[in-house]
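Good morning, and thank you for joining. I would like to take you through one structure, element by element, and I ask you to keep the display in view.

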Amino acid sequence: MAKKRNQDTIHEIRFTRYSDEEEESQDILDFSPGVNIMALKLGEYRAMFRDFFSFRLFGNNLGMDLGTTNTLIYAKGKGIVLNMPSILAMGRKDGRIVGVGKEAKEMLGRTPQNIVVVRPLQDGVIADFEATQKMIEYFISQVQSYHPLVGPKLVIGVPSRATKVEKKAAVDIATHLGVRRVHLVHEPVAAVVGTNLPISEPVGNMIVDIGGGTSEAAITSLNGVVISRHIRIAGDEMDQAIILYLKENHNLFIGEQMAEHIKINIGCAQPSSRNEKMKVRGRDLSTGFPNEIEIDSEELSNILSPVVSTICEMIESTLEESPPELAGDIMERGIYLTGGGACLKGFDKCVSKRVHLLVKLAPEPLLSVVLGVGKLLEDRELLSIVETSPDSE
Ligand SMILES: Nc1ncnc2c1ncn2[C@@H]1O[C@H](COP(=O)(O)OP(=O)(O)OP(=O)(O)O)[C@@H](O)[C@H]1O
Ligand SMILES: [Mg+2]
């Protein structure tokens, strides 16, 4: 269909797809000459019809932080529209979906034999393709009820260590959803953009993302990751350390949800002057009956200390590998902590003590990556510079 763009009149509205190079605002509509409708300018028509049709016919352009623990979605022009646990509950035999996200998380440790609760992502990458696909389809249906397909563009954050195969899995899922253009962005880059740090300047920014499944330390400069390191130890490992401690020292068996609750409520990376206490319920392993004990934050700082220390070692070794110019920048600018795991009380102070540098918690640690992909969704030029190819290792 021929494109006629400089018309002030409208006769019929036809739908067409413009080439990728053109403004995506012209993805949707084509106008041909005819009846003059009032005094509206073509631009105003475009904006009006774009808002209406882009949502109903093609869905929104979206950005996604597909994390091991949480999935967040950003819709262009709207902001964050979804923040859900990356969990799916399915029928054990037929694979029927019984719950997704928050609902599925509440089922953890409470399911009968015929229901299985799965986390389709592991260590920040897609581990169960089919389950991830089902989960994303559900999330998309929650954010755009009019149309099952995502808009023409989807930006997904991927760990900077993601392999070709892992990136392809993300692209395949997006393509299955009807997305025309999938853009992959390294998560540290997205986190730097989402934290409002200068990604394009020739200065080093160090960002440490402590998620649920993985911790990744990266130094960025000039729109890319210069060096990065990761370990498969993060927030979930803290929960496991609490479960193990209570089992071995208090004979108390607790579930993952209770462990996370304890960590978030009174967990800390180092002893603090305020020693908080909390009652913990579980099953007594010797009697088999429900039991309750009290635990305090000093005890927790000891339990969590090995995990915190391992993450600090990763930060140290990333710094050791840093080129001298960038090391100088980091000395001046400090290290930024992000990801949910970084919200553990006193984590920033603990890292600062260890590396003798200024350490700051990002303003929105759980949102940095999705805010970054969202900003890139709104900035086509920067997106084209920072995106990573699905074919690169
Ligand atoms: N206030 C808090 N204190 C301690 N830990 C927290 C707090 N809030 C969230 N967490 C932990 O943060 C982790 C989830 O963080 P996040 O959402 O950044 O992970 P993710 O992006 O899904 O995982 P990954 O980046 O590893 O793929 C969970 O382990 C959760 O228990
Ligand atoms: Mg993450």
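This is a predicted model: local features need pLDDT of at least 70, side-chain atom pairs count only at pLDDT 80 or more; totals for chains, interfaces and linings use all residues.

Let us begin with helix H3, whose buried residues are Ala-131, Thr-132, Met-135, Ile-136, Phe-139 and Ile-140. These residues lie on the same side of H3, because they cover an arc of only 165° around the axis; the arc is that of the directions from the helix axis to the C-beta atoms. As a reminder, an α-helix has 3.6 residues a turn, so residues three or four places apart point the same way. A residue is called buried if 20 or more other C-beta atoms lie within 10 Å of its own, exposed if 12 or fewer do, and partly exposed in between, with C-beta atoms placed from the backbone. H3 spans residues 129–143, and its 15 residues reach 21 Å from the first C-alpha to the last, close to the 21 Å expected at 1.5 Å a residue. That expected span is 1.5 Å times one less than the number of residues.

Residues are numbered from 1 along each chain as its sequence is written, and chains are lettered from A and ligands numbered from 1 in the order in which they are written.

For the whole protein chain, the secondary structure comes to 12 helices and 20 strands. Helices (H or I, at least four residues) and strands (E, at least two) are DSSP runs, numbered from the N terminus. Of the 393 residues, 42% count as buried.

Val-373 counts as buried because it has 29 C-beta neighbours inside 10 Å. Beyond its neighbours within four places in sequence, Val-373 has contacts that include Gly-63, Asp-65, Tyr-74 and Val-185, a contact being two C-beta atoms, placed from the backbone, within 7 Å. Tyr-74 is 299 residues away along the chain, yet the two C-alpha atoms are separated by 7.7 Å.

Turning to the strands, S16, S17 and S18 form an open sheet in that order, with antiparallel pairing. S16 (252–253) and S18 (290–296) stand at the edges with a single partner strand each, so one side of each is left without a neighbour in the sheet. Two strands pair if DSSP finds at least two bridges between them. S16 and S17 (residues 277–284) are paired over two bridges, and Leu-252 stands opposite Asp-284. Seven bridges join S17 to S18. These two strands form a hairpin with five residues between them, where Gly-288 in the turn has a positive phi of about 85°.

A further hairpin is made by S14 and S15, with two residues between the strands; here Leu-222 has a positive phi of about 45°. S14 (residues 215–221) and S15 (residues 224–231) run antiparallel and are joined by seven bridges, with Ala-217 partnered by Arg-229.

Finally, which residues come nearest to ligand 1? Of the 22 residues around the ligand, they are Gly-67, Thr-69, Gly-211, Gly-235 and Gly-340; a residue is near if its C-beta atom, placed from the backbone, lies within 6 Å. Helix H7 (256–266) is one of the helices that supply at least two residues of this shell, and H7 gives the most, with three.
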